[in-house]
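I am opening a notebook on this structure. The entries below record what I looked up, in the order I looked.

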Amino acid sequence: MSRNKSADKNTLYWPKIQTLSSVIKSQIKLHANMGGVVPEVAARAHLKYIRPVVTKALKDSKLKIEQLDYIAVTQGPGLIPSLLVGVEFAKMLSLSSGIPLLPINHMAGHLYSPFGGMSSKLSSPSNLKFLFPMICLIVSGGHTMIVVMENTKNYKVIGRTVDDAAGEAFDKVAKLLGLPYPGGPAVSKLATKSKTTNIVFPRPMLHSKDYNFSFSGLKTAVLYKTQDLKFKISATAPMSIGAMADRKDLKIKAEICKAFQDAAVDILAIKTLRAAKEYKAKSISISGGVSANNALQKRFEQDCKKNKLKLLLPGKGLSTDNAEMIGIAAAFALINGARQTSPTKVIADPNLEL
Ligand code: KG4
Ligand code: ZN
């Protein structure tokens, strides 16, 4: 990350952010072979690829390491074996180069990821006050939360899942139906093959007075449905949607995917919109892996238009996990007064709160 020197540190302005390089070494194939994420396998892959990925990111940016002002690293939350690899590598880089280290919360990365697009269009740091208060829905594989942002610095979590995260529910439903990993894109793709369905799944906690979510009941309802229909599901040998095309159960599986996705989208959209009304929000943002879902994006586009709210979405490649969003969050952290910590004091924290 190269610091934007013209940014005004004392105000809640948006920094101008330019992404010089963004490198993702996907582990999807590796995890697909295992039917999900195995922490040790993930960490070994992190160890193998972290150096080549950082080297490529520097090369693509055409910067030399000594031109960097800060190194930002994900401190948590997440799987500790993978976090340790990133944090210890960044500490070593920081200590050996003398470049200050900035620990960043993974969820702050998701929270700020939709700001990247707007920041890149600014000619100079600007005060985009007209967007606030903003209600932010973060939907990933490990978290589901609603955050109210007063400005680019001050925010508060007002709701979260009490059990499974939204992405986790997509992944578990995919597994129940014998679809490949990662479940979200597979469920979403199969759902498009069903235009209508009579199957209706429950919408747990839709009318609870808070902004919390529960997805485990919805997942269990899908489990009961698959048991009723007596599928021959093989969870150990997931099948690609293409290979399933000539199977009789394709139609019913597509209906289940659509009914599940409709329920999940309904819950997420209705609760987020209610929060937007209560907090008199001027805009809504959605981020995290599930925000890549087409049906979810379409629903938010319609609802925001109806309610005269601006909608912020992460740009391409910024929904699912990536390092660019950590750079974006770091730029906002710096403009909002974050101070460097001694690298040796930065500790990976699997349960770090937003
Ligand atoms: O944010 P992310 O990359 O990782 C975490 O921080 O957890 O989110 C991954 C999650 C997975 O559960 C994946 O199935 C889900 O995001 N996901 C989707 C879609 N693409 C990824 N869920 C629904 N529809 C999608 N198109
Ligand atoms: Zn994530």
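Which backbone atom lies 2.8 Å from a polar atom of the side chain of glutamine 67? I found the backbone nitrogen of lysine 64 there. I count a polar contact as a pair of N or O atoms within 3.5 Å; within protein, one must be able to donate a hydrogen and the other to accept it, and residues adjacent in sequence count only if both atoms are side-chain atoms.

Before going on, I note that this is a predicted model, in which local features need pLDDT of at least 70, side-chain atom pairs count only at pLDDT 80 or more, and totals for chains, interfaces and linings use all residues. Residues are numbered from 1 along each chain as its sequence is written, chains are lettered from A and ligands numbered from 1 in the order in which they are written, and side-chain values use heavy atoms, with hydrogens and water left out.

I placed glutamine 67 in the loop between helix 2 (39–61) and strand 1 (71–76). Helices (H or I, at least four residues) and strands (E, at least two) are DSSP runs, numbered from the N terminus. Glutamine 67 is partly exposed, at 43% relative accessibility. The scale is this: buried is under 20% relative accessible area, exposed is over 50%, and partly exposed is in between (1.4 Å probe, protein chains only).

Lysine 62 is in the loop between helix 2 and strand 1. I looked up its backbone and found a positive phi of about 60°, although lysine 62 is not a glycine. Lysine 62 is exposed, at 72%.

**Entry: the zinc ion**

Which residues coordinate the zinc ion (ligand 2)? I listed His106 (NE2), His110 (NE2) and Asp321 (OD), at 2.0 to 2.1 Å. Donors are N, O and S atoms within 2.8 Å of the metal (3.2 Å for Na, K and Ca); water is not among the atoms, so sites may look incomplete. The four donor atoms make angles of 98 to 133°, and the site is tetrahedral; for four donors that label requires all angles to lie between 85 and 135 degrees.

In sequence, the spacing of the donor residues reads H-x3-H-x210-D. Histidine 110 sits in helix 4 (residues 106–112) and aspartate 321 in the loop between strand 7 (310–312) and helix 12 (324–335), so I have a pair 211 residues apart that links distant parts of the chain. Histidine 110 is buried at 0%, whereas aspartate 321 is partly exposed at 49%.

**Entry: helix 12**

I read twelve residues in helix 12 and 17 Å from its first C-alpha to its last, close to the 16 Å expected. The expected span is 1.5 Å times one less than the number of residues.

Is helix 12 mostly covered or uncovered? Nine of its twelve residues are buried, among them Met325, Ile328 and Phe332. They pack against strand 1, strand 2 (101–105), helix 4 and helix 5 (115–121). Just after helix 12, glycine 337 has a positive phi of about 100°.

I then checked serine 119, in helix 5. Serine 119 is buried at 0%. Leaving aside neighbours within four places in sequence, serine 119 is in contact (heavy atoms within 4.5 Å) with Trp14, Pro15, Lys16, Ile17 and Phe332.

**Entry: cis peptide bonds**

Most peptide bonds are trans. I noted a cis bond between phenylalanine 132 and proline 133, with omega about 0°. Another cis bond joins tyrosine 181 and proline 182, with omega about -5°.

Terms used. Four donors count as tetrahedral if all angles lie between 85 and 135 degrees; four count as square planar and six as octahedral if opposite donors are over 155 degrees apart and all others between 65 and 115; anything else is irregular.
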